[in-house]
Amino acid sequence: MSLKNILNLTLPELETEIISLGEPKYRAKQIFTSLHKNNINIIEDLQGIPKSLKEKLSEKFFIAELRLLEESSSVSFNTKKFLFQTERTDKEYIFESVLISEKERNTICISTQIGCNVGCEFCATAKMGFIKNLEPAEIILQVYEIIRITGIMPTNLVFMGMGEPFLNYGNLMKSLKILTDKGGLGISSKKITVSTVGFTEKIKIFADDITSEENLNLRKIKLALSLHSTDNGFRESIIPTSSKNRLSDIYEELVYFYRKTGSKITYEYIYFNGLNDSENDIKRLVKLTRMVPSTINIIPFHPIDFKLNSPLDIFNKDKDLNNLLSNKNLFQFIEKLKLSKVTVNLRSSSGVDINAACGQLAVIKSQVNN
Ligand code: SF4
């Protein structure tokens, strides 16, 4: 019988397993706390557990680990990027996570997939294609490992790393349940943001799930929509899946999400000089922010390189890279939004020098075991 990864189990699932081993239910909580709060990674080291139960556990389970392959630190920003390899799973895979420290905030940017098949034109991860969905253990271990390596407790978790969280929905939900469980790290749901490019029905399902009776710990999780354009045509050219997931349908789901959760929506908006900053773009953005309470995060476009194709060709053959990167109009764009009473933040380019900024995460093909 192949061993199961015990870190993939939520507390109720672990309780079911422990009961099936003929042991009292309370043992599950002890084991869960050892694994998820005290970061124990060897079954024999589990705290307060009798030897006989450890033996039973060893016959059925193993504890997965992540191996740190590389850690890079930005010279200009307080940002670190971590290259992890999965270990003690059926196959080994490589992926990235980021820690961004700004003022009082320490934010871990978590990956949910290795590669991604959404195919956003501005995103390095897209250029890898889809490799695999990360398991719940592989998602939560990014947090545990970064805490262990840096000694820093995160103040915020953002599911904005490699991959589209809603295309790995089951594992995303399990990882959220484990991370917020008070028997483990007990991270407040107010400190967690899940980002999506938007899929019809998924936002509604997410709103229902995080507000259900059984998921009280998840109630205040925030949602970010990778918007980047309010024009269906242009959005389709940069986010291919948006042809099947029209903005009008997504907006309807955002209203539903707000009504269900009471949480503000965040719109992520990469600024492409001359492509998504017209007066009409501004008008539509203003209208959108009146729909439900929301914030717009403007993100400077971050170039992607290392042997990947340029993402710029599709936009306009006449526009050169310098023009697209130019921020001479960026501040005017922001000012115009502010004048219309829109809450708008300019996201910093933390980690751009180590390819750790928004849209830059990727593992080049030679590093990936296919
Ligand atoms: S931006 Fe997100 S959804 Fe789009 S390709 Fe990159 S990882 Fe996938």
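This passage describes the predicted model of a protein, from its overall make-up to single residues.

The model is a prediction, in which local features need pLDDT of at least 70, side-chain atom pairs count only at pLDDT 80 or more, and totals for chains, interfaces and linings use all residues. Residues are numbered from 1 along each chain as its sequence is written.

The average pLDDT of the protein is 90, and 87% of the residues score at least 70. Here pLDDT is the predictor's confidence in each residue, from 0 to 100. Two stretches score under 50. One is residues 306-319. The other is residues 365-370. Contacts beyond four places in sequence number 17 for residues 306-319 and eight for residues 365-370. Two residues are in contact if their C-beta atoms, placed from the backbone, lie within 7 Å.

The protein has 11 helices and 14 strands. Helices (H or I, at least four residues) and strands (E, at least two) are DSSP runs, numbered from the N terminus. Of the 370 residues, 43% are buried. A residue is buried if 20 or more other C-beta atoms lie within 10 Å of its own, exposed if 12 or fewer, and partly exposed in between, with C-beta atoms placed from the backbone. Among contacts between residues at least 6 apart in sequence, 70% join residues at least 24 apart.

Val118 counts as buried because it has 21 C-beta neighbours inside 10 Å. Leaving aside residues up to four places away in sequence, Val118 touches Ala126, Glu164, Val197, Ile239, Pro240 and Thr241.

The loop between strand 11 and helix 7 holds Leu227. Leu227 is buried, since 24 other C-beta atoms lie within 10 Å. Leu227 touches Tyr267, Glu268 and Tyr269, not counting residues up to four places away in sequence. Leu227 and Tyr267 are 40 residues apart in sequence, yet 5.9 Å apart in space, C-alpha to C-alpha. His228 is found in that loop too, between strand 11 (222-226) and helix 7 (232-238). His228 is not a glycine, but has a positive phi of about 65°. His228 counts as buried because 25 C-beta neighbours lie inside 10 Å.

A positive phi, near 65°, also occurs at Lys341, a residue other than glycine. Lys341 sits in the loop between helix 11 (330-339) and strand 14 (344-346). Lys341 is exposed, since 10 other C-beta atoms lie within 10 Å.

Helix 9 (residues 279-291) has 13 residues. From first C-alpha to last, helix 9 reaches 19 Å, close to the 18 Å expected at 1.5 Å a residue. The expected span is 1.5 Å times one less than the number of residues. Leu285, Leu288 and Thr289 are the buried residues of helix 9. These lie on the same side of helix 9, because they cover an arc of only 95° around the axis. The arc is that of the directions from the helix axis to the C-beta atoms. Exposed on the other side of helix 9 are Glu279, Asn280, Lys287 and Arg290. The buried residues of helix 9 pack against strand 13 (294-300) and helix 11.

In helix 2, the buried residues include Arg27, Ile31, Phe32 and Leu35. The buried residues of helix 2 pack against helix 1 (11-20), helix 3 and helix 5 (169-180). Ile42 is found in the loop between helix 2 (26-36) and helix 3 (51-60). Ile42 counts as exposed because it has 11 C-beta neighbours inside 10 Å. The C-alpha atoms of Ile42 and Phe62, 20 residues apart along the chain, are separated by 8.1 Å.
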